[in-house]
Amino acid sequence: MSHEKLLSAISEDYYLNKLSFGEISKKYDISRYLINKYLNDAIKGGIVKIEIATVTKRNTQLETMLSDKFKGIHFFVICDGSNDIATSKELSQSAALVVEKMFKNNCSVVGTSWGEAIYSLVDSLHSFPLESVKFTQFMGENMKYNSTAGSMRMVEKIASKFSSEFLTLPAPLYIVDNDTRQGLYAEPSIKHTLNVAKKMDVLLTGLGTIRSLQSIPIWKENIPLLFPGLDMTKVAGFIYGRPFDIEGNILNSSDDKVLGITIEEVLNTPKRVCLVRSKSKTRAILGILRGKLITDIILSETLAYRVLAELNL
């Protein structure tokens with residue numbers, strides 16, 4: 001087989017037949033390094049042509065207005081589509097383009113949470129080899145097993161897009177008993193995942209509300225145990241498993257039941273990317289912006305207008 005035909009065959013197996021690096025390595029008896037090199041050579045040589053259609057437009061005026069209000073945060077305001085479904089699709093596709101650029105920019109560890117917004121983002125990502133990037137969970141599972149957007153599925157799903165290594169955190173998001181939680185931190189598999197998570201360059205997150213929490217029966221039934229003494233009327237939203245108020249203050253920092261890296265370690269991540277699709281999360285958005293709990297946010301025009309209107313009340 002000529003070199004050009006080999007490049008074509010490997011490219012077809014990877015991009016069209018969806019074979020993993022491991023399967024291609026076995027089929028052609030070549031190393032993963034060479035697979036990555038050959039796929040890049042195929043693109044450079046014109047054997048493979050990747051076209052990314054930019055179907056969305058950004059409202060730069062709204063981005064500037066929000067940037068003036070919240071210094072240091074990058075805004076991606078996506079123009080509304082013809083209906084809610086079209087807008088959600090455009091948000092997910094735009095978010096995918098944003099994070100793909102970050103993955104390619106000297107990135108080695110990416111953390112991902114879970115939820116429908118992140119699931120839609122991951123689904124919109126384009127497949128290309130990123131063997132030098134590890135994907136990891138940085139907090140436990142949300143226990144929403146009746147959903148396709150569970151946490152362990154998510155980290156595996158995103159890693160499969162790039163033929164990358166992934167690390168899971170096989171434990172619940174919340175552990176009520178402090179001794180049990182501390183004991184789990186000493187377990188080798190959990191300790192290893194969390195040590196990698198502390199080195200995240202980028203993390204992907206959605207934005208939760210009390211309603212999001214209550215949608216998971218096991219958490220709904222145990223709210224007083226998960227957040228002892230917390231006045232739930234002060235909660236504007238949830239991010240990284242933690243409740244926060246309208247000013248962006250984490251409300252349970254002194255009695256945090258989350259199994260994962262600490263909130264301080266989360267906030268040390270250079271790029272914290274939040275995708276928001278729901279129109280009902282205006283107050284939650286205000287909280288994360290005021291508290292600088294994220295560094296980049298992708299949202300719709302409608303949500304951007306609502307945030308600005310809330311500021312002017």
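Biologist: Is arginine 58 buried, partly exposed or exposed?

Modeller: Arginine 58 counts as partly exposed, at 44% relative accessibility. Buried means under 20% relative accessible area, exposed over 50%, and partly exposed is in between, with a 1.4 Å probe and protein chains only. Before we go on: this is a predicted model, where local features need pLDDT of at least 70 and side-chain atom pairs count only at pLDDT 80 or more, while totals for chains, interfaces and linings use all residues. Residues are numbered from 1 along each chain as its sequence is written, and side-chain values use heavy atoms, with hydrogens and water left out.

Biologist: OK, and which side chain meets arginine 58 in a salt bridge?

Modeller: Glutamate 63 does, at 2.8 Å, N to O. A salt bridge here is a side-chain nitrogen of Lys or Arg within 4 Å of a carboxyl oxygen of Asp or Glu. Glutamate 63 is buried, with a relative accessible area of 8%.

Biologist: How many salt bridges does the structure hold?

Modeller: Eleven. One of them joins lysine 198 to glutamate 265, with the closest N and O atoms 3.8 Å apart. That pair links distant parts of the chain, 67 residues apart: lysine 198 is in the loop between α9 (188-197) and β5 (202-205), and glutamate 265 is in helix α13 (residues 263-267). The labels come from DSSP runs, numbered from the N terminus: helices are H or I with at least four residues, strands E with at least two.

Biologist: What about the exposure of lysine 198 and of glutamate 265?

Modeller: Lysine 198 is partly exposed, with a relative accessible area of 42%. Glutamate 265 is partly exposed too, at 23%.

Biologist: Which side chain does lysine 271 meet in a salt bridge?

Modeller: Aspartate 296, at 3.7 Å, N to O. This pair also links distant parts of the chain, with lysine 271 in strand β8 (residues 271-275) and aspartate 296 in strand β9 (residues 296-300), 25 residues apart. Lysine 271 is partly exposed at 28% relative accessibility, whereas aspartate 296 is buried at 1%.

Biologist: Switching to rings. How many aromatic pairs does a search of the whole structure find?

Modeller: Eleven. Rings of Phe, Tyr and Trp (its six-membered ring) pair if their centres lie within 6.5 Å; planes under 30 degrees apart count as stacked, over 60 as edge-to-face and the rest as tilted.

Biologist: Why is the pair of tyrosine 14 and tyrosine 15 edge-to-face?

Modeller: Their planes are at 85 degrees, with the ring centres 5.0 Å apart, so the pair is edge-to-face. Tyrosine 14 is buried at 5% relative accessible area, and tyrosine 15 counts as buried at 16%.

Biologist: Which residues form an aromatic cluster?

Modeller: Phe103, Phe128, Phe135 and Phe162 form one. Lysine 104 lies over the face of phenylalanine 128, 4.6 Å from the ring centre. The test for a charge over a ring is NZ of Lys or CZ of Arg within 6 Å of the ring centre and within 35 degrees of the ring normal.

Biologist: And the largest nonpolar core, how many residues has it?

Modeller: It has 88 residues, and those with the most contacts inside it are Phe103, Leu204, Ile288, Leu289 and Ile297. The largest share, seven residues, comes from helix α5 (residues 84-104). Apart from that core lies another of 15 residues, among them Ile10, Phe21, Tyr28 and Tyr38. A nonpolar core is a set of buried Ala, Val, Leu, Ile, Met, Phe, Trp, Tyr and Cys residues joined through side-chain atoms within 4.5 Å.

Biologist: What is isoleucine 297 in contact with?

Modeller: Leaving aside neighbours within four places in sequence, its contacts include Ile73, Phe76, Cys274, Ile288 and Leu289. Contact means heavy atoms within 4.5 Å.

Biologist: Where is isoleucine 239 found?

Modeller: In strand β6 (residues 237-239). Isoleucine 239 counts as buried, at 1% relative accessibility. Not counting residues up to four places away in sequence, isoleucine 239 touches Thr205, Gly206, Leu207, Phe244, Ile288, Leu293 and Ile294.

Biologist: Last one: is aspartate 13 buried or exposed?

Modeller: Buried, with a relative accessible area of 5%. Aspartate 13 lies in helix α1 (residues 3-16), and its contacts beyond four places in sequence are Lys18, Leu19, Ile24, Lys27 and Tyr28.
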